[in-house]
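Colleague: I am new to this structure and would like to learn how to read its features. Could we take them one at a time?

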Amino acid sequence: MKNAVILRMLSDAPGGGLRTWFEFAPLVNGRPRRRPDHMMASAESAARRARAHGFETDDEVIDYRVR
């Protein structure tokens, strides 16, 4: 049973384009709660970090835009 999701974080990069990184977010009351204490290079590395912290995720990645 999943209790965290993987977020693909998107932010405007200086000079144009997008900056992209991945985070895991525990589900709190059914909604993801960001833990921006880590920035992973891939969804797989974020899922490994989630498992290392005792969370379970599935293969779905949710896009999340940071302004």
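Modeller: We can begin with Arg35, which is partly exposed at a relative accessible area of 26%. Buried means under 20% relative accessible area, exposed over 50%, and partly exposed in between, with a 1.4 Å probe and protein chains only. This is a predicted model, where local features need pLDDT of at least 70 and side-chain atom pairs count only at pLDDT 80 or more, while totals for chains, interfaces and linings use all residues. Residues are numbered from 1 along each chain as its sequence is written, and side-chain values use heavy atoms, with hydrogens and water left out.

Colleague: Which residue does the side chain of Arg35 meet in a salt bridge?

Modeller: A salt bridge is a side-chain nitrogen of Lys or Arg within 4 Å of a carboxyl oxygen of Asp or Glu. For Arg35 the partner is Asp37, at 4.0 Å from N to O. Salt bridges with shared partners also join Lys2, Asp58 and Glu60 into one network.

Colleague: How many salt bridges does this rule count?

Modeller: The count is six. One of them joins Asp63 and Arg8, at 2.4 Å from N to O. Asp63 belongs to strand 4 and Arg8 to strand 1, so this pair links distant parts of the chain, 55 residues apart. Helices (H or I, at least four residues) and strands (E, at least two) are DSSP runs, numbered from the N terminus. Asp63 is partly exposed at 47% relative accessibility, and Arg8 is partly exposed too, at 28%.

Colleague: Which residue forms a salt bridge with Arg34?

Modeller: Glu23 does, with the closest N and O atoms 3.0 Å apart. Arg34 sits in the loop between strand 3 and helix 1, and Glu23 in strand 2, 11 residues apart. Arg34 counts as partly exposed at 29% relative accessibility, whereas Glu23 counts as buried at 1%.

Colleague: How is a pair of aromatic rings described?

Modeller: Such a pair is described by the distance of the centres and the angle of the planes. Rings of Phe, Tyr and Trp (its six-membered ring) pair if their centres lie within 6.5 Å; planes under 30 degrees apart count as stacked, over 60 as edge-to-face and the rest as tilted. A search of the whole structure finds one aromatic pair. Phe24 and Phe55 form this tilted pair, at 5.5 Å centre to centre and 45 degrees between the planes. Phe24 lies in strand 2 and Phe55 in the loop between helix 1 (43-52) and strand 4 (61-66), so the pair ties together parts 31 residues apart in sequence.

Colleague: Are Phe24 and Phe55 buried or exposed?

Modeller: Phe24 is buried, with a relative accessible area of 0%, and Phe55 counts as buried at 17%.

Colleague: Which residues make up the largest nonpolar core?

Modeller: A nonpolar core is a set of buried Ala, Val, Leu, Ile, Met, Phe, Trp, Tyr and Cys residues joined through side-chain atoms within 4.5 Å. The largest has 10 residues, including Ile6, Phe22, Phe24, Met40 and Phe55. Strand 1 (4-12), strand 2 and helix 1 each give two or more residues to this core, and helix 1 gives the most, with four. Apart from this core lies another, of five residues, among them Val5, Met9, Trp21 and Ala25.

Colleague: Where is Asn29 found?

Modeller: Asn29 is in the loop between strand 2 (18-28) and strand 3 (31-32). Asn29 has a positive phi of about 55 degrees although it is not a glycine. At 78% relative accessibility, Asn29 counts as exposed.
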